[in-house]
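Here's a quick tour of the ligand site and a few charged pairs. Have a look at the model first, then read on.

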Amino acid sequence: MTPSINQQKNLKQFLSLQSNIPADLQHLLIAVSEACATISGHVGRGALADIAGGILGSAGSENVQGEVQKKLDIISNDILIEAGQRSGVLAAMASEEMDEILPLDLTSDLTSSSGSSDKQQGNYLLLFDPLDGSSNIEVNVTIGTIFSILTAPKTDATEADFMQPGTRQVAAGYVLYGPQTLLVLTTGDGVNAFTLDRENNVWLLTQEKLSIPADTKEFAINMSNQRHWEAPVQRYISELLAGKTSARGKDFNMRWVAAMVTDVHRILTRGGIFMYPRDAREPDKPGKLRLMYEANPMSFLVEQAGGASTNGKQRILDLQPTKLHERVAVFLGSKNEVEQVTGYHLE
Ligand code: AFP
């Protein structure tokens, strides 16, 4: 559903009208959206960016997963950290680009009459992939930021406090830095999309209650990994490729952007199935994508739009995380296709 131009609410107005979003969570979502608008400005300027050495290219470092960091990965990470700190409602943050969590102590100079200091911390934990699809930066293809918000414990936050299944997320979303800059958001009551009005630096509601069709003729997977896949994925994809000549009885088309955020946005827009399965290249790792700041927020969005998301055997949102940078196999999108490939894993 697309509201007409003169009905468009901005993000602040939209959030204030939702009865299920407390004021401090609204504040956090605004802070994240403002940080992403800033990142969008850097992405859009590319080689013209007013930052020493420009923003394109490698930063000459690696993250905890051994991946080469791009300058834009680091710039985006710093912008989100600063926004999270300033928001004053967070207990801790975690990012793809940081080995450890970043706990926040909001205590200013609060000292009780007894002389002991009253520790203060916010109510939320923020997790993010600051720049998903960074291999696309140099080629000027859409990239994005993915985020997930959990509630925080009452006392000092530790990594253990982040170990909550995806069902406990209170909000999740992504921002796409493409021809348009889009924020796609859920707080557990459907999925809505906001477009950044770049001239006025304001996010306007442009699509309400996104919905993923249950059936699709489009799939997304990196086919170059085919020889490494497990048998259920081999079977499923060979049927899709055989199209009308297989039991599926219809032809399928394929798309792969190599930025999960962009592939998932296409699915939220017109349906499809996205897959990054476990494969034999790194047998000790269940897939490439990260559970807590990629698969969980995307699964929350997809389910809220009527789609499904599994690791091949279980619903992703039910998985109990065991470590911050844990990886997971992902099958998400149009319900009937996700059920088909999950069924093959369970046989
Ligand atoms: P980068 O952010 O390192 O480019 O990785 C992107 C990503 O995690 C995900 O967004 C893509 O779907 C996937 O990797 C692409 O992986 P392949 O390069 O193996 O196709």
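## Around the ligand

The shell around the ligand is made up of 7 nonpolar, 4 polar and 4 charged residues. Keep in mind that this is a predicted model. Of the 15 residues around the ligand, the nearest are Asp132, Gly133, Asn222, Met260 and Tyr276. Domain 1 (11-207) and domain 2 (218-346) both contribute to that shell, so the ligand sits between them.

A polar side-chain atom of Tyr276 is 2.6 Å from a ligand oxygen, an N or O atom in the Asn222 side chain is 2.8 Å from one, and a backbone N or O atom of Gly133 is 2.9 Å from one. On its own the ligand would expose 490 Å², and the protein buries 85% of that. As for elements giving two or more residues to the shell, they are β13 (273-276) and β14 (289-290).

## Salt bridges

The model has 15 salt bridges. One of them pairs Glu82 with Arg86, at 3.1 Å from N to O. These two are 4 residues apart in helix α3 (residues 71-87), so about one helical turn separates them. Glu82 is partly exposed at 44% relative accessible area, while Arg86 counts as exposed at 59%.

## A charged network

Glu218 and Arg270 bridge at 2.9 Å, linking strand β11 (residues 218-220) to helix α5 (residues 260-270) across 52 residues. Glu218 is buried at 12%; Arg270 is partly exposed at 47%.

Within helix α5, Arg266 and Asp263 lie 3 residues apart and form a salt bridge, also with 2.9 Å between the closest N and O atoms. Both are buried. Shared partners join Glu218, Asp263, Arg266 and Arg270 into one network.

How values were computed
Residues are numbered from 1 along each chain as its sequence is written. This is a predicted model: local features need pLDDT of at least 70, side-chain atom pairs count only at pLDDT 80 or more; totals for chains, interfaces and linings use all residues. Side-chain values use heavy atoms; hydrogens and water are left out. A residue is near a molecule or strand if one of its heavy atoms lies within 4 Å of it. A polar contact is a pair of N or O atoms within 3.5 Å; within protein, one must be able to donate a hydrogen and the other to accept it, and residues adjacent in sequence count only if both atoms are side-chain atoms. Accessible areas come from the Shrake-Rupley method with a 1.4 Å probe; for residues, only the protein chains shown count as cover. Ala, Val, Leu, Ile, Met, Phe, Trp, Tyr, Cys and Pro count as nonpolar, Asp, Glu, Lys and Arg as charged, and the others, Gly among them, as polar. Domain bounds come from an automatic or database domain assignment. A salt bridge is a side-chain nitrogen of Lys or Arg within 4 Å of a carboxyl oxygen of Asp or Glu. Buried means under 20% relative accessible area, exposed over 50%, partly exposed in between (1.4 Å probe, protein chains only).
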